[in-house]
Amino acid sequence: MAKKKKAHEPKPALVLGVLSVVLVVLAIIFFTGGGREKVERFIDANVPKIPAVSEEPAATKTVTLFFLDDDDDFLHRETRQVAAGPTAAEEAERALAELIEGSEKGLLSPLPPQTKVRQVFIGKDGVATVDFSRDVAEKFAYGSTMELAAVYAVVNTLAFNFKAVKKVVILIEGAEKDTLGGHVDLTRAFLPDYSLVAR
Amino acid sequence: MRDPIDRTARGAALAAALLAALAVCPISGQVPAEQKARIQTIVIDPGHGGMETGAKGKFGNLEKDITLAISLKLKALVERNMGFEVVLTRDKDVDVSIENRSAIANNRKAGLFISIHANGAVQKKVAGSETFFLSLNATDEETRRLAYLENNSSALQSRIDPSSDDDLMMILWDMAQTAYIKQSSQLAELVQEELDALLGTRNRGIKQAPFKILAGVACPAILVEAAFISNPEEEQKLAAEYFQTKVADAICRGLARYLRMPE
């Protein structure tokens, strides 16, 4: 009995040992050699288009911005590339940041350069809500003409470039304010006004 | 922030209220003429004030000081030549909120409202005089309301019962100017013609803009931009007494012509 037991016992242990070695080797092959090959084949053969769209860093959207000229008080168009996606609201934030940043062709921004775009939200009802930092009201001493230009540069930039935007509401530091500088009523949503734009 | 649903509800409430009011007091066809005859008080609003300086000039002149100076001269002229009571929304350098300015006009039953401003632009070259009246952000709802009110422009205030303390009254006052757009445009045109004749500045014409100060006023209301404080030449004119007197004189003549105008 004892001998038999001794003769039997090493055998399953050996089998177990061999099996586990085989398992380890297979696992190594699976995770290294075979695995890599599979991933490569997956990328090459099946989905070359998905990474091209979602990862391409150069994806841009052309936006039209509205600036002031030195000689008249109309708004003048200037196009610019901004990074595209993932949402229209984020593209809108970038477009407004460019509007504040100023013209590349010597035109004038109607907004104070210190202004920050805190957030743009585009609702399903077509109302875009723009939240500016307090600088938008505090850094300029607006006259009527300047205040109209500031408001409609923002409103037109959003409505012109983003199909989902029909009306624009302007907030300052997250709250509704009467005006930027005592003139234009901010408590109502604005429709774009292209009569202020130079032909 | 008001959402559109809220606004639609307000519009519906307003329309309902006005229809109810109409049923009680039918409107005669010649209301505007009667209205003019009934004008007793003219409210003049010197733009900005106190902490709120308005636009600034290169030589340090502030819009708030110029608007007050012109307004005081205009008040004296109108009282002397036309015999109306003139109320100023401020007669010294103090902050007055936009709501309080329109409340002063409405509480004093203003027959005409004139807001005095000096303009400002980013560009030094931009110059001239212009007169504004209210533009509605022409949403469908507001256009319908405007069309309705224009065709029935009797004195809005007589239809707003001051004892109705609820939201309805606020809603009515909120867009009180909608009933007076046509008269406001006529007043703006006549005042602008006189400014053009007297000042020698570039005529920028009459314009419509969504100005907060005009929206809540329940009578014909205009906003005069006498000249540009951001233009160095015009800044010096605006600061000079002779020019301020000319501006006041021009506005006064425009008012007189408006009041004589046949309906």
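**Note on the predicted model of chains A and B**

1. Of the 199 residues of chain A, 33% count as buried, where buried requires 20 or more other C-beta atoms within 10 Å of the residue's own, the C-beta atoms being placed from the backbone.

2. This is a predicted model, in which local features need pLDDT of at least 70 and side-chain atom pairs count only at pLDDT 80 or more, whereas totals for chains, interfaces and linings use all residues. Residues are numbered from 1 along each chain as its sequence is written, while chains are lettered from A in the order in which they are written.

3. Chain A has a mean pLDDT of 84, with 79% of its residues at 70 or more; pLDDT is the predictor's confidence in each residue, from 0 to 100. In residues 1-7 of chain A the pLDDT is below 50, and beyond near neighbours in sequence this stretch has 0 contacts in the model, a contact being two residues whose C-beta atoms, placed from the backbone, lie within 7 Å. Where pLDDT is low, the predicted coordinates should not be read in detail.

4. Chain A contains 6 helices and 5 strands, taken as DSSP runs (H or I, at least four residues, for helices; E, at least two, for strands) and numbered from the N terminus. Their order from the N terminus is α-α-α-β-β-α-β-β-α-α-β.

5. Where chains A and B touch, the contact takes 27 residues from chain A and 32 residues from chain B. On the side of chain B that touches chain A, strand E3(B) gives the most, with 3 residues.

Technical notes. A residue is buried if 20 or more other C-beta atoms lie within 10 Å of its own, exposed if 12 or fewer, and partly exposed in between; C-beta atoms are placed from the backbone.
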